[in-house]
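Subject: Structure handover

Hello,

Here is the structure for you to look over.

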Amino acid sequence: MTRRAVLFVLLACAAYGCAPAIGDDCDISTDCSVTGDRICDIAQPGGYCTVFNCDQNSCPDDSVCVEYSYDPARLAQTWCMAPCEDNGDCRGGRYKCTKASAIIDNDGRSIARVLDSGGDKKKFCAVTEP
């Protein structure tokens, strides 16, 4: 590759953003953001770049704010999740494109809901099976 081509690639990354997106794999939080606005959820397979404690319509990059509510509801947590239309939009492995209603506990109760406008019609990339 010539110097000019390398320079072009570097400039394209700067212009179009080569920063990790919500839902990307990670090992540590700086893999997701050097400014600290995103974290690496290492509890997810391969890590998951996200924002913790989101509010309705507050997630970056058109991601969706999902509330996971573990009984009792006072244990609810919110996370920004990568949006999707089908499984091809999610990274490989155990991540699937799902609706919140498909994420259930051992008793068959839904434990997730989308807080953003459009609510549970929106799909996101998540691990749905243990």
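Below is what I found, grouped by topic.

First, a caveat: this is a predicted model.

**Salt bridges**

Start with Glu67 and Arg113. These two form a salt bridge, and their closest N and O atoms are 2.7 Å apart. Buried or exposed: which is Glu67? Glu67 is buried, because its relative accessible area is 16% and the cut-off for buried is under 20%. Arg113 has a relative accessible area of 42%, so this residue counts as partly exposed.

The other two bridges share Arg109. One runs from Arg109 to Asp105, at 3.2 Å from N to O. The other runs from Arg109 to Asp107, where the closest N and O atoms are 3.1 Å apart. Together, Asp105, Asp107 and Arg109 make up a network of salt bridges.

Accessibility for the members of that network:

- Asp105 is partly exposed, at 23% relative accessibility.
- Asp107 is exposed, at 61% relative accessibility.
- Arg109 is partly exposed, with a relative accessible area of 42%.

**Strand 3**

Five of the five residues in strand 3 are buried, so the strand is largely enclosed by the rest of the structure. Both of its faces are covered. Val64, Val66 and Tyr68 lie on one side, and these are buried. Cys65 and Glu67 lie on the other, and these are buried too.

Which strands does strand 3 pair with? Strand 4, residues 77-81, is one partner: the two run antiparallel and are joined by five bridges. Within that pairing, Val66 has Trp79 of strand 4 as its bridge partner. Strand 7 is another partner, again in the antiparallel sense, over three bridges. Here Tyr68 has Ala112 of strand 7 as its bridge partner.

Most residues other than glycine have a negative phi. Which value does Asn53 take? Its phi is near 65 degrees, which is positive in a residue other than glycine. Asn57 also has a positive phi, near 55 degrees.

Where do they sit? Asn53 is in the loop between strand 2 (49-50) and strand 3. Asn57 is found in the loop between strand 2 and strand 3 as well. Asn53 is exposed, with a relative accessible area of 56%. Asn57 is partly exposed, with a relative accessible area of 46%.

**Recap**

- Network: Asp105, Asp107 and Arg109.
- Positive phi: Asn53 and Asn57.

Best wishes

Definitions and conventions
Residues are numbered from 1 along each chain as its sequence is written. This is a predicted model: local features need pLDDT of at least 70, side-chain atom pairs count only at pLDDT 80 or more; totals for chains, interfaces and linings use all residues. Side-chain values use heavy atoms; hydrogens and water are left out. A salt bridge is a side-chain nitrogen of Lys or Arg within 4 Å of a carboxyl oxygen of Asp or Glu. Buried means under 20% relative accessible area, exposed over 50%, partly exposed in between (1.4 Å probe, protein chains only). Helices (H or I, at least four residues) and strands (E, at least two) are DSSP runs, numbered from the N terminus. Two strands pair if DSSP finds at least two bridges between them.
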